[in-house]
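Let's walk through some helix packing and strand pairing, one question at a time. Have a look at the model first.

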Amino acid sequence: MESYALFRKPGELEYTEMVQTSGEPLRFGSVEALNGQSGFVIAPFAVTDDCPVLLLQPDRIVKRAFPLMKGYDYAPEGNVVQRISRRDEYARDFSSFHSRISDGTFSKIVLARQSVDVIGNPEPPRRLFERACHLYSNMFVALVSTPVSGTWLTATPELLLESGGSEYRTIALAGTMGLWGRTLWNEKNKNEQQYVASYIEECISGFSDECSCKGPYTVAAGDVCHLRTDFSFSLKDKSLLGDFLAKLHPTPAVCGLPKSAAMDFILANESVARRYYSGFMGTIGSDGSANLYVSLRCMEICGNEYRLHAGGGLIADSEEESEWNETESKMQTIRRCFTRKIK
């Protein structure tokens, strides 16, 4: 089985195809091991023996233009023949997670869930990738497949790290609500975003002597909008890119605070393993260059089963019904690629 990555950066009019035809991608047991490496990274939420950091080293790289897509290219309504949403399971997880905020263990923790859509007429993953690119021109869209990770499609709004010359950029993206209420941010969402921004600023301070920020401001992402703060900085030592990524990932936007304790709790108590959901993917270079995105709004493609993942940050003011609805809205972003309307 060959390994490949198709990806389109936000705003680009063509996509890149990277294919590794010989051997398998390199496997690493830590994010720090990416120091000095070059290739396409597929990193999980938490590194384990079953979910290592993968580095695809392509022997073929091609830039391709998108084919013209018309209305009939989109999947018909009713393409989902079964949906397993695990509503009761989510309610139990919410109660367990939120109780640890109420007792002061965490100031924030992220709860994720999975929904399995069984498709009546599954289509080639490449077609779904092309649809996602047409639907979401302002997102990073990627389709990756390896023997270890399986096949994943993501359309994510969240930059993890981007370099240009001597400057690096990252963002704090948190707080979520529907597009109809962009200016009506409540304290829950403002606080959630501030947790993430403060954490990222602290991470940068250990690797950089200079940093500037802009925000927070509102951005749209599929069917929802978020609060965003932009950070620009330099790294004192580019050869330690892997060390910096290990410090930065996972951010509170996908994990929680305190980070280490929140991550341990998630791994022990979340009902469905995240695997490569809420990890990160993209390109890195041995010179310290990077173009990496958090793997959100994504699904694993397993034959005629599409395993959609989504999550949301819980703080003291979080309500279970509202958080469930937020995950449903986030899943709709990637679900649009294989069906127009869910009844």
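Q: How are H1 and H5 oriented to each other: roughly parallel or roughly antiparallel?
A: First, a heads-up: this is a predicted model, where local features need pLDDT of at least 70, side-chain atom pairs count only at pLDDT 80 or more, and totals for chains, interfaces and linings use all residues. Residues are numbered from 1 along each chain as its sequence is written, and side-chain values use heavy atoms, with hydrogens and water left out. H1 and helix H5 (residues 259-269) pack at about 160° with axes 12 Å apart, where axes are lines fitted to C-alpha atoms, for helices over the stretch in contact, and angles run from 0 to 180 degrees between N-to-C directions. Angles over 145 degrees count as roughly antiparallel, so H1 and H5 are roughly antiparallel.

Q: Which residues in H5 meet H1?
A: Contact here means heavy atoms within 4.5 Å. H1 brings Asp93, Ser96, Phe97 and Arg100, and on the H5 side they meet Phe265, Ile266 and Asn269.

Q: What is the orientation of H1 and H6 to each other?
A: The axes of H1 (residues 87-102) and H6 (residues 320-335) come within 11 Å and cross at roughly 125°. Under 35 degrees would be roughly parallel, 65 to 115 roughly perpendicular, over 145 roughly antiparallel, and the rest is oblique. H1 and H6 are therefore oblique.

Q: Which residues of H6 make the contact with H1?
A: H1 passes H6 in a right-handed crossing; right-handed means the near helix is turned clockwise from the far one by less than a right angle. From H1, the contact uses Arg87, Tyr90, Ala91 and Phe94, and from H6 it uses Glu320, Glu321, Glu323, Trp324 and Thr327.

Q: How many residues of strand E18 are buried?
A: Buried means under 20% relative accessible area, with a 1.4 Å probe and protein chains only. E18 covers residues 298-302 and is largely enclosed by the rest of the structure, because its buried residues number four of the five.

Q: Which residue in E18 is the bridge partner of threonine 154?
A: Strands pair if DSSP finds at least two bridges between them. Strand E10 (residues 150-156) and E18 run antiparallel, joined by four bridges. The partner of threonine 154 is cysteine 298.

Q: Which residue takes a positive phi in the hairpin of E18 and E19?
A: E18 and E19 (residues 305-314) run antiparallel, with five bridges joining them, and cysteine 302 has glutamate 305 as its bridge partner. Two residues lie between the strands, and the one with a positive phi near 65° is glycine 303.

Methods: Buried means under 20% relative accessible area, exposed over 50%, partly exposed in between (1.4 Å probe, protein chains only).
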